Protein chains: 2
Amino acid sequence: MRELRKDPVLNRWVIVSTERSLRPSDFESFNPEQHGANGHVIDPFAEGNEHLTPPEIFAVRSPDSRPNGPGWQVRVIPNKFPALGIEGDLDPRGYGLYDRMNGVGAHEVIIETPRSEEHLPDFSLPHLVDILTTVRTRIEDLSRDLRFAYVLPFKNHGYAAGASLRHAHSQIIATPVVPARVLEELQAAQAHWNQKRRSIFVDILDQELLMQERIVFENEQTVAFCPYASSSPFEVHIYPRRMSPYLRTASTEDLRGLAEAIKTVVLRWQVALGDPAYNLLIRSAPNETLLSGIHRDYPYMEAFYLWHVEMFPRLARGAGFEWGTGFSINPTPPEEAAQYMRSIEVEVA
Amino acid sequence: MRELRKDPVLNRWVIVSTERSLRPSDFESFNPEQHGANGHVIDPFAEGNEHLTPPEIFAVRSPDSRPNGPGWQVRVIPNKFPALGIEGDLDPRGYGLYDRMNGVGAHEVIIETPRSEEHLPDFSLPHLVDILTTVRTRIEDLSRDLRFAYVLPFKNHGYAAGASLRHAHSQIIATPVVPARVLEELQAAQAHWNQKRRSIFVDILDQELLMQERIVFENEQTVAFCPYASSSPFEVHIYPRRMSPYLRTASTEDLRGLAEAIKTVVLRWQVALGDPAYNLLIRSAPNETLLSGIHRDYPYMEAFYLWHVEMFPRLARGAGFEWGTGFSINPTPPEEAAQYMRSIEVEVA
């Protein structure tokens with residue numbers, strides 16, 4: 001069973017997906033690590049173990065190598081236990097008062113490296129650009145599917161951030177509805193546009209550059225800063241300087257700048273916070289579909305939306321108050337976090 | 001420093017509060033347990049240790065006992081490390097593009113029992129009614145403060161739910177702005193009212209009673225059910241049968257019915273899930289204040305809002321996808337959770 005159900009009070013969709021876990025004891029995310037005869041952990045994402053994963057969708061690999069064999073640098077596979085299934089129609093239906101549709105979507109895994117013990121801070125900049133280029137390619141492809149209103153690439157690193165496997169990887173989920181969180185962004189950005197005919201994202205970037213209080217890192221393509229209302233300590237957003245609603249329009253040079261910014265932030269986090277668990281998200285504008293009706297509801301979206309990256313270390317446990325209100329309690333002012341992070345020297349190459 | 005800052009893209013307030021934690025190593029909630037000379041843990045919430053807490057605000061205590069001494073059953077104290085401070089004016093100001101105000105509010109702790117090792121399932125029903133009556137009293141009192149737009153009583157039980165102290169306790173936070181999560185509820189409920197002139201909450205209750213698929217427990221005063229779009233496994237909402245927007249209007253008989261429902265749910269969770277960490281929230285309608293303007297924005301609120309309780313075990317770690325979208329992935333259909341919970345026999349007295 002894979003179903004999307006709408007909370008009628010919060011207007012928010014929930015994925016009810018029994019494919020991922022069937023027993024109450026299984027609530028931790030499924031751990032795909034396999035154990036060999038001698039009890040050693042077998043890493044299904046390592047080079048040479050391609051037969052342990054579903055067939056690849058895309059890979060950056062050497063010209064003389066063959067799909068689903070060794071010789072790759074970045075590899076994309078379907079998630080073996082997807083939250084949403086790729087087959088079928090949405091078939092939106094009422095159920096009395098309630099709304100439901102089939103749990104249709106895409107759920108892919110980007111294996112970021114062929115090597116088991118290598119993580120983002122170890123990647124060379126060209127390798128990180130290969131990963132981001134792979135993300136861009138997958139977004140482009142998934143955005144062509146007329147069922148998918150939103151495509152979210154994200155990375156969970158470390159147990160506290162929800163990662164269930166140590167091998168460095170990211171995920172992409174494509175959903176048939178625009179998530180509530182994204183609609184909130186669009187509503188606020190549209191209200192700002194209606195009032196000022198300016199992009200709220202560009203206004204934020206301008207104010208951060210003017211004030212210089214919360215900037216963490218700048219290069220020619222991007223600006224990394226701790227947001228004024230950071231919901232968690234050491235949260236960092238990375239905005240491109242070149243206005244565009246979609247990551248898929250980013251040039252390789254843009255992605256090189258982004259790679260440098262991401263690696264700088266993670267390296268500085270390592271110095272400041274040890275090796276924190278963290279989440280990283282890439283936000284692009286949603287896609288027009290029959291269900292999303294996004295161009296009708298947000299006709300100026302392409303003028304005001306700015307694709308960007310959000311990154312936050314997972315340092316605190318969310319508790320009842322945060323859940324119950326949407327408020328966060330942040331014990332570290334972003335000005336202090338940014339100042340501390342600026343002071344850390346790191347080698348990015 | 002205690003400040004409220006508004007996220008301009010998500011229209012959501014964040015509490016930046018350095019009072020609670022100053023160093024990056026302190027991100028876990030402050031642990032108020034104290035250690036005695038022999039290394040034993042001293043429980044500041046236990047009877048006899050009243051001098052280790054701030055002076056009490058309210059207590060259910062025997063007539064011959066004295067404030068801040070032994071002889072109590074339930075005791076309310078200010079949180080020693082409050083997220084919001086009780087003194088001062090809000091002084092809302094702009095900061096360039098951004099919005100801020102002083103971090104003014106209330107943050108109280110309800111010590112639910114004088115005994116260190118007793119938890120909710122051990123409480124007698126009359127004792128649980130004493131706790132709920134105490135909550136009602138504190139809500140009434142805090143709602144009289146013209147600065148506070150919203151009062152949220154909540155309970156974090158267990159480490160994964162954010163509790164920092166083992167001794168059974170709840171908390172109440174009063175905030176000067178209406179939280180985003182609550183505004184979302186009001187907007188959806190108002191849209192329903194505008195279309196149907198009915199309360200969405202009452203419609204949900206009616207459909208659950210009609211279908212009988214997701215009911216966990218019923219008594220004369222309340223109905224406990226797993227919501228259709230449960231965002232987490234074994235989530236339970238408890239609605240009162242008697243329509244009212246405010247918990248403060250609940251009679252002692254209503255609270256007795258609520259106590260029975262809450263205890264039944266927690267006892268059944270224990271059988272189904274072990275001793276899960278969980279959060280419990282009591283939602284009432286927000287208060288009219290100069291800043292909230294709630295009566296102007298939601299003139300029919302008192303006709304459509306229904307106070308209720310939300311309870312969810314903390315079984316899964318939130319990951320990047322959930323954070324990035326507001327979507328939850330729930331591996332247990334609420335129908336199955338409710339059926340399982342209905343089948344569990346427990347002794348509630």
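Which side chain meets Glu335(B) in a salt bridge? The partner is Arg5(A), at 2.9 Å from N to O. A salt bridge here puts a side-chain nitrogen of Lys or Arg within 4 Å of a carboxyl oxygen of Asp or Glu.

This is a predicted model, in which local features need pLDDT of at least 70, side-chain atom pairs count only at pLDDT 80 or more, and totals for chains, interfaces and linings use all residues. Residues are numbered from 1 along each chain as its sequence is written, chains are lettered from A in the order in which they are written, and side-chain values use heavy atoms, without hydrogens and water.

The interface of chain B and chain A in figures:

| Item | Value |
|---|---|
| Contact residues (heavy atoms within 4.5 Å) | 91 residues from chain B, 91 residues from chain A |
| Buried area (accessible area, 1.4 Å probe, lost on being put together, summed over both) | about 7800 Å², 64% on carbon and sulfur atoms |
| Salt bridges | four salt bridges |

On the side of chain B that touches chain A, 49 residues are nonpolar, 22 polar and 20 charged. Gly counts as polar in this division, and Tyr, Cys and Pro are among the nonpolar residues.

Strand S17 (residues 328-330) of chain A runs parallel to strand S2 (residues 12-17) of chain B, joined by three bridges. Pairing takes at least two bridges found by DSSP; strands are DSSP runs (E) of at least two residues. Asn330(A) stands opposite Val16(B) in S2(B).

How are the copies related? A rotation of 180 degrees with 0.0 Å of shift along its axis superposes chain B on chain A, with RMSD 0.0 Å. That is a two-fold axis relation. The same surface serves both copies, as 100% of the contact residues of chain B recur in chain A.

Notes:
Buried area = accessible area lost by both parts, 1.4 Å probe. Helix = DSSP H or I, 4+ residues; strand = E, 2+ residues; numbered from the N terminus. Least-squares fit on C-alpha atoms with pLDDT ≥ 70 in both.
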